[in-house]
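Please read the points below with the model open beside you.

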Amino acid sequence: ARARWLSYVLKEGGENIIPFCTWDRKGQPVRSAAELISALESTFQILQSALQRWTIADLEDLVVDRDDDGTEETFTRQWVIWHLIEHDLHHGGEISFSLGMHNLGGIDI
(Lines give C-alpha, C1' and ligand atoms only; values in the text may rest on other atoms or scores of the structure.)
Protein backbone atom coordinates (compact mmCIF):
# COMPACT_ATOMS: atom_id res chain seq x y z
CA ALA A 1 0.00 0.00 0.00
CA ARG A 2 2.86 2.40 0.83
CA ALA A 3 4.29 1.87 -2.65
CA ARG A 4 0.95 2.66 -4.29
CA TRP A 5 0.51 5.89 -2.34
CA LEU A 6 4.07 6.95 -3.17
CA SER A 7 3.90 6.02 -6.84
CA TYR A 8 0.31 6.60 -7.95
CA VAL A 9 -0.64 9.53 -5.73
CA LEU A 10 2.55 11.35 -4.76
CA LYS A 11 4.32 10.52 -8.07
CA GLU A 12 7.52 9.52 -6.25
CA GLY A 13 9.89 6.61 -6.76
CA GLY A 14 9.85 6.27 -10.52
CA GLU A 15 9.89 2.88 -12.23
CA ASN A 16 11.79 1.20 -9.37
CA ILE A 17 8.77 1.25 -7.09
CA ILE A 18 6.19 -0.09 -9.58
CA PRO A 19 6.82 -3.82 -8.84
CA PHE A 20 6.02 -3.27 -5.14
CA CYS A 21 2.60 -1.79 -5.95
CA THR A 22 0.92 -5.15 -6.46
CA TRP A 23 2.59 -7.21 -3.72
CA ASP A 24 -0.51 -7.22 -1.50
CA ARG A 25 -2.93 -8.05 -4.30
CA LYS A 26 -4.71 -11.39 -4.63
CA GLY A 27 -2.71 -14.13 -6.33
CA GLN A 28 0.71 -12.66 -5.59
CA PRO A 29 3.45 -14.97 -4.29
CA VAL A 30 4.39 -15.02 -0.62
CA ARG A 31 7.41 -12.76 -0.14
CA SER A 32 10.46 -13.70 1.88
CA ALA A 33 11.53 -11.69 4.91
CA ALA A 34 14.47 -10.34 2.90
CA GLU A 35 12.15 -9.18 0.10
CA LEU A 36 9.80 -7.48 2.57
CA ILE A 37 12.68 -5.73 4.34
CA SER A 38 14.11 -4.57 1.01
CA ALA A 39 10.74 -3.17 -0.10
CA LEU A 40 10.19 -1.40 3.22
CA GLU A 41 13.68 0.11 3.11
CA SER A 42 13.26 1.18 -0.53
CA THR A 43 9.91 2.84 0.02
CA PHE A 44 11.14 4.53 3.21
CA GLN A 45 14.14 5.96 1.32
CA ILE A 46 11.80 7.32 -1.35
CA LEU A 47 9.64 8.94 1.31
CA GLN A 48 12.67 10.33 3.14
CA SER A 49 14.06 11.82 -0.07
CA ALA A 50 10.73 13.48 -0.87
CA LEU A 51 10.41 14.94 2.63
CA GLN A 52 13.93 16.40 2.40
CA ARG A 53 13.06 18.00 -0.95
CA TRP A 54 9.54 19.27 -0.22
CA THR A 55 8.88 22.61 1.45
CA ILE A 56 6.10 23.31 3.92
CA ALA A 57 4.12 24.81 1.02
CA ASP A 58 4.66 21.61 -1.01
CA LEU A 59 3.02 19.61 1.78
CA GLU A 60 -0.14 21.66 1.27
CA ASP A 61 -0.30 20.78 -2.45
CA LEU A 62 -3.33 18.78 -3.50
CA VAL A 63 -2.88 15.31 -4.98
CA VAL A 64 -5.50 13.04 -6.55
CA ASP A 65 -6.05 9.35 -5.85
CA ARG A 66 -8.10 7.41 -8.38
CA ASP A 67 -9.45 4.09 -7.08
CA ASP A 68 -9.69 0.98 -9.25
CA ASP A 69 -13.35 1.82 -9.90
CA GLY A 70 -12.45 5.32 -11.16
CA THR A 71 -13.55 7.19 -8.03
CA GLU A 72 -11.35 10.23 -7.41
CA GLU A 73 -10.39 11.65 -4.03
CA THR A 74 -8.24 14.70 -3.35
CA PHE A 75 -5.80 14.95 -0.45
CA THR A 76 -2.93 17.15 0.61
CA ARG A 77 0.55 15.66 0.51
CA GLN A 78 0.61 16.22 4.27
CA TRP A 79 -2.49 14.05 4.73
CA VAL A 80 -0.96 11.24 2.65
CA ILE A 81 2.23 11.32 4.76
CA TRP A 82 0.19 11.13 7.97
CA HIS A 83 -1.89 8.29 6.52
CA LEU A 84 1.30 6.33 5.78
CA ILE A 85 2.57 6.96 9.32
CA GLU A 86 -0.67 5.84 10.96
CA HIS A 87 -0.72 2.73 8.75
CA ASP A 88 2.82 1.80 9.82
CA LEU A 89 2.00 2.47 13.47
CA HIS A 90 -1.03 0.21 13.31
CA HIS A 91 0.81 -2.70 11.74
CA GLY A 92 3.86 -2.12 13.93
CA GLY A 93 1.60 -2.52 16.95
CA GLU A 94 0.22 -5.76 15.55
CA ILE A 95 3.73 -7.12 15.01
CA SER A 96 4.81 -6.09 18.51
CA PHE A 97 1.72 -7.73 20.01
CA SER A 98 2.45 -10.97 18.13
CA LEU A 99 6.09 -10.92 19.21
CA GLY A 100 5.04 -10.34 22.81
CA MET A 101 2.77 -13.42 22.66
CA HIS A 102 5.96 -15.39 22.02
CA ASN A 103 7.90 -13.64 24.79
CA LEU A 104 9.92 -11.63 22.29
CA GLY A 105 10.54 -7.90 22.48
CA GLY A 106 8.42 -5.54 20.43
CA ILE A 107 9.77 -3.51 17.54
CA ASP A 108 11.11 0.01 17.85
CA ILE A 109 8.85 2.28 15.84
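1. Ile85 lies in helix H4, residues 77-101, where helices (H or I, at least four residues) and strands (E, at least two) are DSSP runs numbered from the N terminus. Ile85 counts as partly exposed because its relative accessibility is 38%, the classes being buried under 20% relative accessible area, exposed over 50% and partly exposed in between, with a 1.4 Å probe and protein chains only.

2. The model is predicted, so that local features need pLDDT of at least 70 and side-chain atom pairs count only at pLDDT 80 or more, while totals for chains, interfaces and linings use all residues. Residues are numbered from 1 along each chain as its sequence is written, and side-chain values use heavy atoms, with hydrogens and water left out.

3. The largest nonpolar core has 20 residues, and those with the most contacts inside it are Leu6, Leu10 and Val80; such a core is a set of buried Ala, Val, Leu, Ile, Met, Phe, Trp, Tyr and Cys residues joined through side-chain atoms within 4.5 Å. Helix H1 (2-9), helix H2 (33-53) and H4 each supply at least two residues of this core. Leaving aside residues up to four places away in sequence, Leu6 touches Lys11, Glu12, Ile17, Thr43, Ile46, Leu47 and Leu84, contact meaning heavy atoms within 4.5 Å.

4. Asp65 is found in strand S1, residues 62-66, and counts as buried because its relative accessibility is 14%. Its C-alpha atom is separated by 9.8 Å from that of Arg4, 61 residues apart along the chain. Not counting residues up to four places away in sequence, Asp65 touches Trp5, Val9, Thr71, Glu72, Glu73 and Phe75.
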